[in-house]
Amino acid sequence: MNEESRLIPVATDQDVVRVRQLVRTVSVEAKLSLVDQTKLVTAASELARNTLVYGGGGTVEVARVRNEIRAGVRIVFADQGPGIADLDLALTDGYTTGGGLGLGLSGARRLVDEFAIDTAPGEGTTITITKWCR
Amino acid sequence: MALSPDESGRLADLLSEHADGLVVHWAELVGNGLQGRMSRPELERQTRDLQKGFQQAFAAGARDLTDEEAGELRAQLGELSSNRARQGFSANETAISVFALKDAVLGVIGDTSDAQTLRDFVAFSGFIDRAALFTFDSYVRVREALIADQAEQLLELSTPVVKLWEGVVAVPLVGTLDSARAQVVMERLLQTLVDTGSPYAIIDITGVPAVDTQVAQHILKTVVAARLMGADCIISGIRPQIAQTIVALGIEFGDIATKSSLADALRYVLGKNSYKVVTSKRTEH
Amino acid sequence: MERVPVLKIGDILLVSIQIDMEDQVALQLQEDLAEKIVTTGCHGVIIDISALDIVDSFVGRTLATIASVSRVLDAETVVVGMRPAVAITLVELGLSLPGIRTALNVELGIEMLARSRGEVWQDDEDEGDPAAVPAS
């Protein structure tokens with residue numbers, strides 16, 4: 001069951017900061033532990049920057065979610081950029097096309113409980129991550 | 001199945017008319033089940049309160065337990081379960097406290113072949129079933145909360161972080177380390193480093209019977225995290241079997257300092273801080 | 001765009017990051033610091049990140065670059081005050097910040113810088129400066 005979700009466009013550096021702040025607020029509302037909040041905000045920061053740098057901008061949607069047992073926070077990063085051709089390679093530690101450390105995708109995946117990626121060359125990228133309360 | 005308005009009206013009358021007899025009979029039935037673990041006056045007081053609760057709910061026109069008119073009754077049942085759960089009664093004993101009302105009511109109806117009375121009793125019986133299930137549910141919820149609380153308390157009790165020297169803290173780990181506990185220890189230790197400004201931490205695992213890959217990983221991550229924050233960790237008290245396991249599992253402790261005992265670890269840290277441990281001869285005055 | 005102030009205290013430059021930095025702000029800080037090291041001739045840099053509630057790979061990389069650039073300019077960098085939750089997250093992220101020296105707080109950071117400067121001076125007094133011997 002989804003509670004109300006909030007959507008922000010990502011087009012500039014400032015928007016990445018805004019994403020971090022929104023994710024922090026929602027994580028606090030969802031009562032994630034401090035360490036889990038920090039992990040989720042960090043993952044969101046990595047992925048929002050990817051949306052901006054590799055996807056040429058897009059949107060980030062943050063929502064509180066709940067399944068039968070637990071509450072959590074779900075974030076969807078969507079862009080209409082070039083997409084990812086070799087997903088396995090992109091998820092490898094240290095691989096980068098943008099001059100970064102190559103930890104964005106692979107690192108973000110380790111910081112969350114659920115990580116789903118939907119992409120194809122020329123069709124943009126959508127990444128959905130979820131962090132559940134312990 | 002909900003009661004009809006007439007039925008709940010008649011039940012309210014029945015409960016109020018036979019109030020005293022019902023309470024005595026009901027308390028007796030419950031008392032037998034609890035085998036003297038609750039005093040008779042207390043039991044009668046509780047039963048009387050419950051009897052009033054049912055009576056008032058029916059009088060207000062409650063047709064089912066979920067109705068607004070039965071709100072007060074639900075609160076009473078919830079409180080009953082929570083008390084019983086805390087006092088250590090079983091779920092069975094708690095549910096019987098409600099079920100016994102059926103027998104008590106049957107007792108006051110007496111022998112009857114009146115079809116309407118029978119129908120009323122069946123409807124009433126259904127209502128009681130739902131009330132007992134509700135009680136059971138609340139009981140389970142309270143017990144789960146109790147267990148969660150205790151687990152948390154245990155976790156806190158079992159992970160002390162102590163100051164050993166100026167700038168040196170230690171965590172003596174005792175007992176089996178699971179992933180959840182290892183995580184609590186890790187966070188607690190790192191926070192203590194910040195709070196006390198201690199650049200050295202000793203993790204003593206003398207009291208840990210076994211180490212698996214996950215736990216070893218947690219300890220390693222703690223050491224790396226502490227390093228990122230500017231503190232050094234020393235692991236002490238690694239028993240022979242654990243050392244064997246660590247090697248067998250292929251876990252790389254790398255350049256992390258390990259000492260066989262807490263005393264060795266402390267001596268090592270003091271040495272790094274240019275302290276020297278010497279034995280002094282006792283002088284007599 | 002906001003800017004992170006760089007303070008000079010004795011032989012040390014002190015940077016206390018108090019804002020959630022945009023990437024551009026972090027890059028600007030990197031430039032400002034290099035500039036300041038040269039103009040002041042300071043030999044130590046302390047970056048206090050105790051107010052940062054996250055450090056992602058971009059900030060991590062910026063800190064590493066600052067440390068490397070400072071070293072080239074003969075200044076030692078110490079990052080101080082990293083929060084436990086941040087450290088745990090960095091470990092999970094796989095960012096170990098090699099080449100960055102860290103301390104728990106500003107005070108310990110200053111001590112660390114004083115000690116390493118002291119060692120450098122001691123090395124200078126020695127006949128054979130180990131750092132001066134070229135690797136064969």
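User: What percentage of the 136 residues of chain C count as buried?

Analyst: It's a predicted model, so local features need pLDDT of at least 70, side-chain atom pairs count only at pLDDT 80 or more, and totals for chains, interfaces and linings use all residues. Side-chain values use heavy atoms, with hydrogens and water left out. Buried means under 20% relative accessible area (1.4 Å probe, protein chains only). Of the 136 residues in chain C, the buried share is 49%.

User: In what order do the elements of chain C run from the N terminus?

Analyst: Helices (H or I, at least four residues) and strands (E, at least two) are DSSP runs, numbered from the N terminus. Chain C has four helices and five strands. From the N terminus on, their order is β-β-α-β-α-β-α-β-α.

User: Among contacts in chain C between residues at least 6 apart in sequence, what percentage join residues at least 24 apart?

Analyst: A contact means heavy atoms within 4.5 Å. Take the chain C contacts between residues at least 6 apart in sequence: the share joining residues at least 24 apart is 71%.

User: Over to chain B: how far apart are the end C-alpha atoms of helix α4 (residues 71-87)?

Analyst: The expected span is 1.5 Å times one less than the number of residues. For the 17 residues of α4(B), that should give 24 Å, and the model agrees, because the end C-alpha atoms are apart by 24 Å.

Technical notes. Residues are numbered from 1 along each chain as its sequence is written. Chains are lettered from A and ligands numbered from 1 in the order in which they are written. Buried means under 20% relative accessible area, exposed over 50%, partly exposed in between (1.4 Å probe, protein chains only).
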